[in-house]
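Let us walk through this model together, one neighbourhood at a time. Keep the sequence beside the picture as you read.

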Amino acid sequence: MDNFQIETAQNVSIQQNAAGIGERILAYLIDLLIFIAYYIIIIFMMGALSIEMGDQWAFWLILSLPPFLYFLLWETFWDGKTPGKATMKIKVVRLDGSRPAFSNYLIRWLLRLLDISLAFGGVAVVAILLGGRGQRLGDMAAGTTVISERHRVQFNQTILVDIPEDYMAVYPQVTVFSDAEMRKIKTIYTEAKRHADHHVILELSKKVSTLMDVTPQEKPMQFLARVIADYNYYTQKL
């Protein structure tokens, strides 16, 4: 499932990593296995307790409430997850990435009957595949989606940059940084460069040069690019 971007009222872009249809189906099957195990236990209990036929309806009615409310209760009290979703590392969130309110969970649960139960999941699958935001009808009505919590690293999120074979490094002091720190520096630099935010670039350049204890000979943007390239040189080429 492709990522999609949401623009909030504060003009902040949020990248959502929508859960794949396969992940959601597997999560549902895991929850279904829990249902089956639960009912098997109930059948054994009825046999062991020798419950008479006249009392079985009341017994079944009471013990069927947990499966009936399964998805609503688990998602409400476990941060948008069921055991199946937790196993697949996916969860329900609002489109802006925040935690849904109970009303959001309730709406998507009520529409589960139309989405999944009556159509054996067919309506949900079609809606998810065509919608582009990982939403079944219940999600569309509730303003929610299901995202993957698996960290998918793209090239521009790593410290890696292409450097020529004859590259000459300038700042050996870059080795004071860890991979995590350099990844953060590169991320801030890339975003600031993309949005032409010269103030951020200037402040980042000052901070990096102070930590390295050097006086840059280049302009702030060129200095940061050199620092990132030098880090790649000293940590990967040597």
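How many of the five residues of strand β3 (residues 90–94) are buried? Four of the five are, which leaves β3 mostly covered. Here, buried stands for under 20% relative accessible area, exposed for over 50%, and partly exposed for anything in between, with a 1.4 Å probe and protein chains only. Helices (H or I, at least four residues) and strands (E, at least two) are DSSP runs, numbered from the N terminus.

Before going further, a word on the source. This is a predicted model, in which local features need pLDDT of at least 70 and side-chain atom pairs count only at pLDDT 80 or more, while totals for chains, interfaces and linings use all residues. Residues are numbered from 1 along each chain as its sequence is written, and side-chain values use heavy atoms, with hydrogens and water left out.

Now back to β3. Its partner is strand β4 (residues 144–148): the two run antiparallel and are joined by five bridges. Two strands pair if DSSP finds at least two bridges between them. To find your place in the pairing, look for I90, which faces S148 of β4. As a rule, side chains in a regular strand alternate between the two faces of the sheet.

Stepping back to the protein chain as a whole, you can count 12 helices and four strands. Of its 238 residues, 36% are classed as buried. Contact means heavy atoms within 4.5 Å. Among the contacts with a separation of 6 or more, 63% are between residues 24 or more positions apart.

Next, the helices. Two packed helices are described by the angle between their axes and the distance between the axes. The axes used here are lines fitted to C-alpha atoms, for helices over the stretch in contact, and angles run from 0 to 180 degrees between N-to-C directions. Angles under 35 degrees count as roughly parallel, over 145 as roughly antiparallel, 65 to 115 as roughly perpendicular and the rest as oblique.

Start with helix α4 (residues 70–77) and helix α6 (residues 102–110), whose axes come within 10 Å and cross at roughly 155°. The pair is therefore roughly antiparallel. Their crossing is right-handed; a crossing is left-handed if the near helix is turned anticlockwise from the far one by less than a right angle, and right-handed if clockwise. On the α4 side the contact involves F71, L72, E75 and T76, and on the α6 side F102, Y105, L106, R108 and W109. Sorted by class, this contact of α4 with α6 has six nonpolar, one polar and two charged residues. For these classes, Ala, Val, Leu, Ile, Met, Phe, Trp, Tyr, Cys and Pro count as nonpolar, Asp, Glu, Lys and Arg as charged, and the others, Gly among them, as polar.

Then turn to helix α10 (residues 179–194) and helix α11 (residues 198–212), with axes that come within 9 Å and cross at roughly 155°. That angle makes α10 roughly antiparallel to α11. The crossing of α10 and α11 is left-handed. I185, I188, Y189, A192 and K193 of α10 make the contact with V200, I201, L204 and V208 of α11. By class, the contact of α10 with α11 holds eight nonpolar residues, no polar and one charged.

Which residues does D139 touch, leaving aside those up to four places away in sequence? They are R24, R108, G134, T144, T145 and V146. D139 sits in helix α9 (residues 137–142) and is buried, at 0% relative accessible area. M140, also found in α9, is partly exposed at 42%. G20 belongs to the loop between β2 (13–16) and α1 (21–49) and is buried at 12% relative accessibility.

Finally, look at two backbone angles. D79, in the loop between α4 and α5 (83–87), has a positive phi near 55° without being a glycine. K89, in the loop between α5 and β3, is not a glycine either, and its phi is positive at about 60°. D79 is partly exposed at 26% relative accessible area, and K89 is partly exposed at 43%.
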